Amino acid sequence: MVSPWIHFYKNAVVSVAKPPTLLVLLPNDQAGWCEQFSQEGYQVVHLTYPLPQSTSFKDALKDAGKEITAHCLEANWGLVTCGLATQDAGEIITQLALAIADLKVCVHFCPNAVTSRGFLIKDSGARHLPVTFHLASSQEALRASLLPLEDPANLGYALPTHSHPPVKVYTYPFVAHSPPFLFAADVPVRVKVGESRTVDAYIRSATNLSLTRTLEALKRYLGPHFDFEKLWDIHTHYEFTERDAPKTMSTMVETPYVNHVPTMTGGVGFRDLARFYKYHFTTVTPTEFEIITLSRTIGSDRIVDEMIFKCVHTSEIDYFLPGVPPTGKPLEIALVGIVAFRGDKLFFEHLYWDQASLLVQLGLLDPTHLPIAGVEVAKKVLDPFGQPSNTLLKRWDESEGLPTE
């Protein structure tokens with residue numbers, strides 16, 4: 001009989017044939033985070049934590065160990081906890097009855113502890129297992145006890161140059177330690193279109209950053225690994241080459257969103273975004289266009305592209321210049337796109353560009369007496385050493401010849 005305190009969430013990413021397993025300790029009302037990890041490509045065993053006072057933590061851990069064994073398609077597994085107490089931290093490995101060699105990584109959100117005792121695990125060779133801590137900035141004592149171990153010189157053994165330091169500590173300002181700040185935010189997989197909820201900016205920041213950093217640790221030591229470049233290339237091929245909205249949407253999660261920041265165009269949710277792609281994106285991009293990728297940064301759950309977009313303004317481009325009739329003029333703009341993934345699907349896109357530069361190039365905005373420029377903005381990004389700096393800085397000549405040290 002399965003313990004009532006244990007729940008299983010099957011990996012939801014079809015392309016992951018042998019998903020790694022996570023043991024996640026958090027309250028039942030926060031089980032949405034288990035869904036989140038399942039959609040990232042993990043088998044998730046959820047142990048309700050903290051347990052009712054009359055329930056044995058040791059017995060629950062034994063049941064959790066059996067559940068991991070029953071569902072683990074790969075021997076390797078990871079541990080994620082929220083608000084774990086010191087007295088319970090030391091019990092996990094001893095009571096699970098699983099090989100310590102199979103535990104590859106631990107992630108702890110706001111442990112209820114003032115020292116690292118019980119949270120640092122060593123393998124049979126006396127080397128630290130990889131562990132990441134997410135702490136509120138108020139957890140100064142715990143942070144102070146952990147920080148020395150971020151320096152490989154303090155580990156007590158030589159770390160190969162190709163290895164990542166095993167202990168990583170992140171702190172987040174102005175967020176709660178108890179309950180863990182993660183519980184005050186919306187779980188991305190449970191966000192519903194039309195439901196408005198105000199989340200403190202520091203909570204949102206801490207949640208977004210800590211989730212990305214958690215996935216970085218989990219994927220580094222457990223996988224799964226996705227070819228984000230290939231997935232992004234397929235998405236853009238459907239957008240710009242085939243100009244097929246349904247195919248474009250097939251590359252995205254069930255509740256995606258796109259935000260073209262300067263014009264606030266795009267869409268939130270599958271229906272509105274599909275409508276946007278079909279009628280206001282794939283069909284309005286000029287036939288004469290070019291995208292030049294200048295740089296690409298690939299992270300644990302996202303791509304950041306720096307691009308130049310060139311076209312002739314032969315159609316009304318709803319996403320760049322809504323309401324502006326075609327002028328026939330050439331346009332050249334610098335773009336930055338942040339593309340986030342959940343599992344092997346796109347979750348969102350944020351695109352940034354200099355809207356003033358676009359308007360100047362079309363003759364819709366007079367740059368005289370304003371710190372803005374036209375096509376020079378894109379040319380400076382494309383050729384930073386070949387284009388002059390500070391052409392808009394009228395006081396630049398005043399510092400000529402002055403000491404710089």
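**Close-up views of the predicted model**

**View 1. Strand 4 and its parallel neighbours.** Strand 4 is joined to strand 5 (residues 103-109) by 6 bridges, and the two run parallel. In this pairing Cys82 stands opposite Phe109 of strand 5. Strand 2 (residues 21-26) also pairs with strand 4 in the parallel sense, over 5 bridges. Here Leu23 is the residue opposite Leu79 of strand 4. The coordinates in this and the other views belong to a predicted model.

**View 2. Burial of strand 4.** Trp77, Leu79 and Thr81 lie on one side of strand 4, Gly78, Val80 and Cys82 lie on the other, and all are buried, which leaves both faces covered. Because 6 of the 6 residues of the strand (residues 77-82) are buried, strand 4 is largely enclosed by the rest of the structure.

**View 3. The whole chain, for context.** The protein chain holds 11 helices and 13 strands. Its C-alpha trace spans about 75 × 60 × 40 Å along the principal axes. Of its 405 residues, 46% count as buried.

**View 4. The largest pocket.** Rolling a probe the size of a water molecule over the atoms shows where empty space is left. The largest pocket contains about 910 Å³ of space. It is lined by 35 residues, of which Pro188, Val191, Arg204, Tyr257 and Phe347 are the closest to its centre. The lining divides into 17 nonpolar, 8 polar and 10 charged residues.

**View 5. Elements that line the largest pocket.** At least two lining residues come from each of helix 6 (201-221), strand 8 (252-260), strand 12 (330-342) and strand 13 (345-353). Helix 6 gives the largest share of the lining, 6 residues. Domain 1 (6-222) and domain 2 (228-382) each contribute at least three residues to the lining of this pocket.

**View 6. Helix 7 and the residue after it.** The 14 residues of helix 7 (residues 228-241) should span 20 Å at 1.5 Å a residue, and the end C-alpha atoms are 19 Å apart, which agrees. Phe228, Trp232, His235, Tyr238, Glu239 and Phe240 of this helix are buried. Arg243 follows helix 7 and has a positive phi, near 50°.

View 7. Most residues other than glycine have a negative phi, and most peptide bonds are trans. The bond from Ser178 to Pro179 is cis, with omega near -5°. Pro179 is in the loop that runs between strand 7 (167-172) and helix 6. The bond from Gly223 to Pro224 is also cis, with omega near -5°. Pro224 sits in the loop between helix 6 and helix 7.

View 8. Cys110, a residue other than glycine, has a positive phi near 45°. It belongs to the loop between strand 5 and strand 6 (131-136). The relative accessibility of Cys110 is 1%, so this residue counts as buried, the cut-off being under 20%. His369 is likewise not a glycine and has a positive phi of about 65°. The loop between helix 10 (355-361) and helix 11 (376-382) contains His369. With a relative accessible area of 79%, His369 is exposed, the limit for that class being over 50%.

Terms used. Residues are numbered from 1 along each chain as its sequence is written. This is a predicted model: local features need pLDDT of at least 70, side-chain atom pairs count only at pLDDT 80 or more; totals for chains, interfaces and linings use all residues. Side-chain values use heavy atoms; hydrogens and water are left out. Buried means under 20% relative accessible area, exposed over 50%, partly exposed in between (1.4 Å probe, protein chains only). Helices (H or I, at least four residues) and strands (E, at least two) are DSSP runs, numbered from the N terminus. Two strands pair if DSSP finds at least two bridges between them. On a 1 Å grid over the protein atoms alone, a cavity is a set of points where a 1.4 Å probe fits but cannot get out, and a pocket is an open set with protein on both sides within 12 Å along at least five of seven lines; lining residues have an atom within 4 Å of a point. Grid points are joined across faces, edges and corners, and a volume is the space filled by probe spheres set on the points. Ala, Val, Leu, Ile, Met, Phe, Trp, Tyr, Cys and Pro count as nonpolar, Asp, Glu, Lys and Arg as charged, and the others, Gly among them, as polar. Domain bounds come from an automatic or database domain assignment. The expected span of a helix is 1.5 Å times one less than its number of residues.
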